[in-house]
Amino acid sequence: MHLGPLDIDFILTILPNLLMGALMTIKLTFFAIVFGTIIGLFVALAKISSIKVLRWAGGIYTWVIRGIPLLLQLMFLYYGLAFAGILLDEFTVAIIGLSVCGGAYIAEIIRAGILSIDKGQMEAAMSLGMSYTQAMRRVILPQAYRRLLPPMGNEFITLMKDSALVSVICMTELLRAATLLQNATFRPIEIFVTAGLMYLILTTFFTAIFNRLEKGWQFQTGNKGELH
Amino acid sequence: MIKAQDVNKTFGQLQVLKGVSLDIQLGEVVVIIGPSGSGKSTLLRCINHLESIDIGNIFFDGQSVAFQEIPGGNRIPVKRKDIYNLRRQIGMVFQRFNLFPHMTALSNVMEGPLTVLGVTKGEARRLAESLLAKVGLANKANSYPSQLSGGQQQRVAIARALAMNPKVMLFDEPTSALDPELVGEVLNVIKDLASEGMTMLVVTHEMGFAREVADRVVFMDEGMIIETGTPEQIFSSPKHPRTREFLSNVIRNYDNHSFPQVV
Ligand SMILES: Nc1ncnc2c1ncn2[C@@H]1O[C@H](COP(=O)(O)OP(=O)(O)O)[C@@H](O)[C@H]1O
Ligand SMILES: [Mg+2]
């Protein structure tokens, strides 16, 4: 059975391999988002902290990570660590690399989100006797959260696409699964069109989730416009 | 109750408070007036330690707000815990309300007791409901700040501060951000508090209100207290030329829409 230039029967035979790859892509993205967000939150808090050393450390971190290609960071982690005698499996290296990289971008997003909240909010919270941590948790972050959703959604999609880079350290995710099939069968059209469609489905699905979250927030506060 | 001694505060090059001393007794209502930029907000913010002070000290209930004297004549900043504890006892109402926009009016009022005092949800809710009723907003409990008028928002903000059962209330130009027709409803709430005997320090440009509720009026200019007296003294026979000048300007600029009985 053919659909234009695409041999559907062939696609069906490669589908299991590609789906396995897609599953790995989802796994990598999931862990990268979770750990990247945790890293990003702490780095953002460090960067707006009143403690100089923390601000400084946070600044160096985002400066270095955002200034070097992820591909290089991954290679450095994988081959560099192995060279230094630290042996980690590909999956661990991939998660570390993606989380550390995503964390730097997410930190900037969260920092900007926190700084966009009116100073009066922190003061009002403080004047009730809240500690800094309580004020952050109860007042600032819930408001920043809503502003963070759109840029975070973008960043998560970027992370998903960037996860393709871990194919260079022999992680068999969606792109590497496709490449391996290509090497074995020399049928690039079917393979890459199918893999591309899978990425597209994943990113579309992600976007939809984030749109949902944003809408839900507006409903919850009865506020259709900006916060004020 | 509150005792400020020779308070000095500098922002960079700018000396905002130049040796301010002020004593507020239990149950007293003190109104601070003065031109914009004279340091009124800064003084209020120093009292609950939203700003630190450079020289001098402030005592709340006999306890130092800013510095702890240690043997040898040195002083160290007070501990963070003590600052939090201090702020719990001092209610603050801001010019721009600063309600939490992601919470309903009820949740705004519940927030302090719930998070800071650790009371149960039911208790916080009962307290918040009664306070909203007190400021005339029982029917707005489930509205978000964006759905309330400025006057209503400010009344919720007052209820939020009262929920901590403070010993003192600080008001920083509570009606300056309001449309003229909404000023009265907020001032009435503050007047009720005054008549209940709440100790209050109020910065305002509403001279009629000051005259009516103040036990004492303080005129500040350029970081200094220029003149202090009863409303009668300050408004009818100000001693200092700067006070006179300020009052005549205020009457011209702020018009007497809400309180026509100004001087
Ligand atoms: N955080 C700050 N940093 C620098 N300057 C400030 C700060 N807060 C207030 N000022 C300055 O201090 C002066 C007094 O301000 P403020 O206390 O707000 O006066 P008022 O409330 O009487 O209008 C003003 O000149 C203001 O610009
Ligand atoms: Mg002011």
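Student: Is B:Asn57 buried or exposed in this model?
Tutor: This is a predicted model, and in it B:Asn57 lies in strand β4 of chain B, which covers residues 55-60. Its relative accessible area is 3%. Buried means under 20%, so B:Asn57 counts as buried.

Student: Which residue does the side chain of B:Asn57 make a polar contact with?
Tutor: Let's stay with the side chain of B:Asn57 for a moment. It reaches another side chain at 3.0 Å in a polar contact. The partner is B:Ser64.

Student: Now to chain A. In what order do its elements run from the N terminus on?
Tutor: The secondary structure of chain A comes to eight helices and two strands. Starting from the N terminus, the order is β-β-α-α-α-α-α-α-α-α.

Student: What share of chain A is made up of buried residues?
Tutor: For a picture of the chain, its C-alpha trace spans about 70 × 50 × 20 Å along its principal axes. Among the contacts in chain A with a separation of 6 or more, residues 24 or more positions apart account for 76%. Chain A has 228 residues, and the buried share is 46%.

Student: Why is the pair of A:Phe31 and A:Phe91 edge-to-face?
Tutor: The structure holds eight aromatic pairs over all chains, and this is one of them. The ring centres of A:Phe31 and A:Phe91 are 6.1 Å apart, and the planes stand at 90°. Planes over 60 degrees apart count as edge-to-face, so the angle that decides it is 90°.

Student: What does A:Phe91 count as, given its relative accessibility?
Tutor: A:Phe31 has a relative accessible area of 27% and is partly exposed. For A:Phe91 the value is 24%.

Student: How far apart are the ring centres of A:Tyr78 and A:Tyr79?
Tutor: The planes of these two rings are at 70°, so the pair is edge-to-face. A:Tyr78 is buried at 18%, whereas A:Tyr79 is partly exposed at 43%. The centres of the two rings lie apart by 5.0 Å.

Student: Which residue lies over the face of A:Phe91?
Tutor: A:Phe91 belongs to a cluster linked by ring pairs, together with A:Phe30, A:Phe31 and A:Phe35. Over its face, at 5.8 Å from the ring centre, lies A:Lys27.

Student: How much area do chain B and chain A bury between them?
Tutor: The two chains meet through 25 residues of chain B and 24 residues of chain A. Of the area they bury, 57% is on carbon and sulfur atoms. The area comes to about 2,200 Å².

Student: Which residue of chain B meets A:Glu123 in a salt bridge?
Tutor: Across the interface of chain B and chain A there are three salt bridges. In one of them, A:Glu123 meets its partner at 2.8 Å, N to O. That partner is B:Arg45.

Student: Which element gives the largest share of the side of chain B that touches chain A?
Tutor: α2 (80-88), β8 (90-93) and α3 (105-117) of chain B each supply at least two residues of that side. The largest share is four residues, and it comes from α3(B).

Key:
Residues numbered from 1 in each chain as written. Chains lettered and ligands numbered in written order. Predicted model: local features only at pLDDT ≥ 70, side-chain atom pairs only at ≥ 80, totals over all residues. Heavy atoms only, no water. Phe/Tyr/Trp six-rings, centres within 6.5 Å; stacked < 30°, edge-to-face > 60°. Buried < 20%, exposed > 50% of the residue type's maximum accessible area, 1.4 Å probe, protein only. Lys NZ or Arg CZ within 6 Å of the ring centre and 35° of its normal. Contact = heavy atoms within 4.5 Å. Buried area = accessible area lost by both parts, 1.4 Å probe. Salt bridge = Lys/Arg side-chain N within 4 Å of Asp/Glu carboxyl O. Polar contact = N/O pair within 3.5 Å; in protein donor to acceptor, adjacent residues only side chain to side chain.
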